[in-house]
Amino acid sequence: MRKLAREAQAEERVLWAAYEKQAMDKAQANGVQIVETIDKAPFQAAVKPVWDKYGPRFAEMVKRIQAVN
């Protein structure tokens with residue numbers, strides 16, 4: 001059962017990657033501009049008051065969020 005579950009998981013990843021590429025291609029063909037890299041600074045500045053207020057209470061979660069690239 002576990003072996004089949006791993007095989008199904010691997011197949012689903014392949015199918016999802018193909019679907020994602022198809023969706024991105026379709027979006028771009030319809031004029032959507034895909035931005036791969038963004039400047040996080042304006043977003044971080046906008047939510048700074050929230051981080052300041054709740055950051056100490058949720059310090060561990062904040063560290064995990066900030067660790068995401």
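**Notes on the predicted model: pocket, helices and side-chain pairs**

1. The largest pocket comes out at a volume of about 280 Å³. A pocket here is an open set of points on a 1 Å grid over the protein atoms alone, where a 1.4 Å probe fits and protein lies on both sides within 12 Å along at least five of seven lines. The volume is the space filled by probe spheres set on those points, with grid points joined across faces, edges and corners.

2. Before going on, a word on the source: this is a predicted model, where local features need pLDDT of at least 70, side-chain atom pairs count only at pLDDT 80 or more, and totals for chains, interfaces and linings use all residues. Residues are numbered from 1 along each chain as its sequence is written, and side-chain values use heavy atoms, with hydrogens and water left out.

3. Who lines the largest pocket? The residues are Lys40, Phe43, Gln44, Val47, Lys48, Trp51, Ile65, Gln66 and Val68, lining meaning an atom within 4 Å of a point. By class that makes five nonpolar, two polar and two charged residues. For this count, Ala, Val, Leu, Ile, Met, Phe, Trp, Tyr, Cys and Pro are nonpolar, Asp, Glu, Lys and Arg are charged, and the others, Gly among them, are polar.

4. Which helix gives the most to that lining? H2 does, with five residues. Both H2 and helix H3 (59–66) supply at least two. Helices are DSSP runs (H or I, at least four residues), numbered from the N terminus.

5. Now for H1, which covers residues 2–29, 28 residues in total. From first C-alpha to last, H1 reaches 40 Å, close to the 40 Å expected at 1.5 Å a residue; the expected span is 1.5 Å times one less than the number of residues. After H1 comes Gly31, with a positive phi near 90 degrees.

6. How many salt bridges are there? The count is three, taking a salt bridge as a side-chain nitrogen of Lys or Arg within 4 Å of a carboxyl oxygen of Asp or Glu. Side chains of opposite charge can pair when their charged atoms come close.

7. Lys3 meets Glu7 at 3.1 Å, N to O, and Lys21 meets Asp25 at 2.8 Å. Lys3 is exposed, at 54% relative accessible area, and Lys21 is exposed at 52%. Glu7 is partly exposed at 42%, as is Asp25 at 37%. The cut-offs are under 20% for buried, over 50% for exposed and partly exposed in between (1.4 Å probe, protein chains only).

8. Lys48, one of the pocket-lining residues, also forms a salt bridge with Asp52, the closest N and O atoms being 2.8 Å apart. Lys48 and Asp52 lie four residues apart in helix H2 (residues 41–54), so about one helical turn separates them. Lys48 is partly exposed at 45%, and so is Asp52 at 48%.

9. There is one aromatic pair. The ring centres of Trp16 and Tyr19 are 5.3 Å apart with planes at 40 degrees, so the pair is tilted. Pairing needs centres within 6.5 Å for rings of Phe, Tyr and Trp (its six-membered ring); planes under 30 degrees apart are stacked, over 60 edge-to-face, the rest tilted. Trp16 and Tyr19 are three residues apart in H1, about one helical turn, and Tyr19 is partly exposed at 48%.
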